[in-house]
Amino acid sequence: MRERIRIASAPFDPEEEMVRFRAQLADAGAVVSFLGLVRARNAAGAVTALSLQHYPGMTERDIGDALNEAASRWALEAALVIHRIGDLAPAEPIVLVATASKHRRAAFEAADFLMDHLKCRALFWKCETGEGGRSWIEPRTDDYADAARWDG
Amino acid sequence: MATLLFFGRLGDLAGGVERALGLSTALSVADVIGIIEQSDRLLASALAEERVRYAINGTIVDGEALIEDEDELAFLPPVSGG
């Protein structure tokens, strides 16, 4: 499986990344992509800024492990993970996951698995600033339950 | 010098992500938290919370693991990405 991990400290262009992702494919019949955007509102009101931290080296290795697990569970031709760090504004792309496989099911499931990992297991810390003040975000109970679907 | 790294809200409590700690002998993670407690009880109690994980040189360890001079000890609170 071809794989690429990019921790981006500046905005990235998801469309350009998807063109590049597709260009490398030889035998895929299915491409699934997920793009996460910074939400403009949370429960406390408007969000003005989001700041993301990672642990250089360890974060990349952990995502690499998740990609290896995805490759062992599904027949993937390629997978891509781009995750922003630093300061982001509402509506900015924060994460892009793309998977490619011969048939759609593997690509859907692998992208779902990778996003669940990125949401609540990968080494990122997210701090929101807005009407409700400044607060470090933790995954919701649903996020943990989603990630646990792939265990065992 | 050993390097201590405080991520997420722990960095707010520590007043920064990174801190240096001189070690003349190997200490456990729990010992390091004990040293921090002498000057900063709030930070030490946050570090000792059950949901905070520890990593030495990029590998997850438990509180008994030993850290030596030149090592990097990271305190990892609950993560959140995407």
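Helices (DSSP runs of H or I, at least four residues) and strands (runs of E, at least two) are numbered from the N terminus. With that in hand, select chain B: its secondary structure amounts to three helices and seven strands. This is a predicted model, in which local features need pLDDT of at least 70 and side-chain atom pairs count only at pLDDT 80 or more, while totals for chains, interfaces and linings use all residues. Residues are numbered from 1 along each chain as its sequence is written, and chains are lettered from A and ligands numbered from 1 in the order in which they are written.

**Stop 1: chain B as a whole**

Along the principal axes, the C-alpha atoms of chain B fill a box of roughly 40 × 25 × 20 Å.

Now try colouring by burial. A residue is buried if 20 or more other C-beta atoms, placed from the backbone, lie within 10 Å of its own, exposed if 12 or fewer, and partly exposed in between. Of the 82 residues of chain B, 33% count as buried.

**Stop 2: the sheet in chain B**

Next, show the strands of chain B in the order β2-β1-β7-β4-β5: they form an open sheet of five strands with mixed pairing. At the edges stand β2 (18-21) and β5 (59-61) of chain B, each with a single partner strand, so one side of each is left without a neighbour in the sheet. Neighbouring strands here are turned by 30 degrees against each other on average, direction ignored; the axes are lines fitted to C-alpha atoms, and angles run from 0 to 180 degrees between N-to-C directions.

Zoom in on β4 (residues 53-56) and β7 (residues 72-76) of chain B, an antiparallel pair with four bridges. Strands pair if DSSP finds at least two bridges between them. Pick B:Ala55 and you will find its bridge partner, B:Ala74, in β7(B).

**Stop 3: where the chains meet**

Bring chain A back into view. Twelve residues of chain B are in contact (C-beta atoms, placed from the backbone, within 7 Å) with 23 residues of chain A.

**Stop 4: strands of chain A**

Select β4 (residues 45-54) and β8 (residues 124-130) of chain A, which run antiparallel and are joined by seven bridges. A:His54 stands opposite A:Phe124 of β8(A). On to β9 (residues 133-137) of chain A, which pairs with β8(A) in the antiparallel sense over five bridges. A hairpin links β8(A) to β9(A) through two residues, and A:Gly130 has A:Gly133 as its bridge partner in β9(A).

**Stop 5**

Centre on A:Val97. Not counting residues up to four places away in sequence, A:Val97 touches A:Ser33, A:Phe34, A:Leu80, A:Val81, A:Ala111, A:Leu114 and A:Met115.

Finish at A:Arg140, in the loop between β9 and α4 (141-148) of chain A. Is A:Arg140 buried or exposed? A:Arg140 is exposed, with 12 other C-beta atoms within 10 Å.

Methods
Contact = placed C-beta atoms within 7 Å.
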